[in-house]
Amino acid sequence: MFRVIVFLISHSITMALGFALGVYLLPILIAPDAPSDAEVAQVADKAIFSTQFDRDLPGSDFLHWGEGELSISARRISFIGALAPGPDYRLYLTPQLVLNEEEFLALKDQSAYVGDIRSFDNFILEVPENINPAAFKAVVIWCETFGEFITAANYQ
């Protein structure tokens, strides 16, 4: 009986660790190639706004963070830096800076969804025609699947 209990516990722990590792590694393995620094810089040259993501925000932690420079033009948003890998990252423009999950959820319905982030080193997103970045003040990267705050910054 003891062997059965040890067997079940050890295999359950192994399965849980394997699942957690898969959730963490799968987005890294399937991520498309990130745009080069030169491609991002070319988009950033046309920016109206720019800001910095800081790794040490109150809502960020060792698994959920971003650091680097974000540039915003009327039709494109570019990022040069690094994001913690994870699934289903989305970029939102918000009416004010938010620093954690609760603050973002309170403003999510007033925020503009720009697009999905598919790479964790550099990205370029097209701003949808119905969104005016000048009408917002801050940007948030959010993990939709797990409802996790990744990073945010004011840009005006």
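## Secondary structure

Three helices and eight strands make up the secondary structure of the chain in this predicted model. In sequence order the elements run α-α-β-β-β-β-α-β-β-β-β. Helix 1 covers residues 2-30 and helix 2 covers residues 37-44, with a loop between them.

## Dimensions and contacts

Along the principal axes, the C-alpha atoms of the chain occupy a box of roughly 70 × 35 × 25 Å. The chain has 156 residues, of which 40% are buried.

Contacts between residues at least 6 apart in sequence were also classified by their separation along the chain. Of these contacts, 64% join residues at least 24 apart.

## Surface and charge

The chain carries 9 positive and 20 negative charges. The mean position of the positive charges and that of the negative charges lie 5 Å apart.

## The loop at Asp33

Asp33 is located in the loop that links helix 1 (2-30) to helix 2 (37-44). The relative accessible area of Asp33 is 78%; because this value is over the 50% cut-off, the residue is classed as exposed.

Val23 and Asp33 are ten residues apart along the chain, and their C-alpha atoms are separated by 19 Å.

Conventions. Residues numbered from 1 in each chain as written. Predicted model: local features only at pLDDT ≥ 70, side-chain atom pairs only at ≥ 80, totals over all residues. Heavy atoms only, no water. Helix = DSSP H or I, 4+ residues; strand = E, 2+ residues; numbered from the N terminus. Buried < 20%, exposed > 50% of the residue type's maximum accessible area, 1.4 Å probe, protein only. Contact = heavy atoms within 4.5 Å. Lys, Arg positive; Asp, Glu negative; His and termini not counted. Charge placed at Lys NZ, Arg CZ, Asp CG, Glu CD.
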